[in-house]
Amino acid sequence: MSVELRRNGLHLTGTPLSLDAKRKSPLSFVSHGHSDHIARHESTIATAATLRFMAHRLGPVAAPLSVPFRRPFELGPLLLELLPAGHILGSAQLRVTRADGKRIVYTGDINTAPSLTAEATEVATCDTLVIESTFGHPRYRFPPRPEVLGQVETWLRAQLNRGVTPVLLGYPLGKSQEAMKQLALRGFHLVAHPSIFEVAELYAELGVPIESLRRYDGRVEPGEVLFFPPHLARGGALAPHWPRATAVLTGWAMDPGGARRYGADVAFPLSDHADFPSLMRYVKDTGARDVITCHGFAEELAQALRDAGTDARPLGKPQQMTLF
């Protein structure tokens, strides 16, 4: 069995199964509900939460196969199992086991930091590992999450104390819910753009409620913190709220000019992806003898793994790689 990178994403050769296919496929495993990982497939394998997020964005999901974590099932001669990836609520890794016991794991987007709104990551032991490399460059070493959240809290209180409306920019699915959950526990009153609020309602339906939150209706009351999607923050959408101060929550805050990239005043490195040291540690913990890096800084991560003694290579242009 092998994996190949096609135009619409990864595919397990000799099977009908695609992995996070970007276009309609006969059968695809979908690791999580972010827009760059979903499509209207003929049949979809995913967790219940991911299927719910897909339906919210795309409409009814055709032939969904809702799979709980840690419950193996068969696909022809293969045994498939989903394990938590820690990225957002419902995000999953896929482990495929061949009849002779050889195992491959596809992580999808993965995050090993503790979260209040996503299932804790589980190490998926395997022989071959296909791992996302979004922050796979050695320069991406995030501060501990409690430290970053403490900085966000200090910044927010400073803005509120001087009568300024604080605006936090975060992706509508995952990043915003985690930050809101954390800040609600710190006593903040929150108001969220409808695109973020509606996802928060889905989180509540799925057992992860977010307290002290209301839907944005154009008003921000004194003492409230406004959550807004980055792609809608430009073009005058925030003009009615003045004075205001804007911060973006992103792993790209580690880059020079990270705040300016989003049109924000400040950037905090709060990410739902694993950083470079976490990726390196995760690879080691899986016990994989063969590693394929994909997306992001795939070449840099593969080189670092080779330097550490692991057989690793990036998956770049369309090609086929033998897995077993």
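**Close-up views: cavities, pockets and domains**

**View A. Lining of the largest cavity.** Three nonpolar, seven polar and four charged residues make up the lining of the largest cavity. Nonpolar means Ala, Val, Leu, Ile, Met, Phe, Trp, Tyr, Cys and Pro; charged means Asp, Glu, Lys and Arg; the others, Gly among them, are polar. The model is predicted: local features need pLDDT of at least 70, side-chain atom pairs count only at pLDDT 80 or more, and totals for chains, interfaces and linings use all residues. Residues are numbered from 1 along each chain as its sequence is written, and side-chain values use heavy atoms, with hydrogens and water left out. The structure contains three cavities of 30 Å³ or more. The volume of the largest is about 80 Å³. Its lining has 14 residues, and those closest to the cavity centre are His-87, Arg-145, Gly-174, Glu-178 and Asp-272. Domain 1 (3–139 + 273–314) and domain 2 (145–268) each give this lining at least three residues. Cavities and pockets are found on a 1 Å grid over the protein atoms alone: a cavity is a set of points where a 1.4 Å probe fits but cannot get out, a pocket is an open set with protein on both sides within 12 Å along at least five of seven lines, and lining residues have an atom within 4 Å of a point. Grid points are joined across faces, edges and corners; a volume is the space filled by probe spheres set on the points.

**View B. The largest pocket.** This pocket has a volume of about 890 Å³. It lies between domain 1 (3–139 + 273–314) and domain 2 (145–268), because both give residues to its lining. The lining holds 42 residues; nearest the centre are His-34, Ser-35, Asp-36, His-37 and Asp-109. By class, 16 are nonpolar, 16 polar and ten charged. At least two lining residues come from each of β1 (2–6), β2 (9–12), α1 (48–58) and α4 (194–205). α4 gives the most, with four residues. Helices (H or I, at least four residues) and strands (E, at least two) are DSSP runs numbered from the N terminus.

**View C. The second largest pocket.** About 310 Å³ of space lies here. Of its 23 lining residues, Ala-113, Pro-114, Pro-143, Pro-144 and Arg-145 lie nearest the centre. The lining divides into twelve nonpolar, seven polar and four charged residues. α2 (145–161) and α6 (276–286) each supply at least two. α2 gives the most, with four. Domain 1 and domain 2 each contribute at least three residues to this lining.

View D. The protein chain is divided into domain 1 (3–139 + 273–314) and domain 2 (145–268), with bounds from an automatic or database domain assignment. Their C-alpha centres lie 29 Å apart. The contact takes 18 residues from domain 1 and 19 residues from domain 2; contact means heavy atoms within 4.5 Å.

View E. For the protein chain, mean pLDDT is 94, and 96% of its residues reach 70 or more. The C-alpha atoms of the protein chain fill a box of roughly 65 × 45 × 30 Å along the principal axes.

Key
pLDDT is the predictor's confidence in each residue, from 0 to 100.
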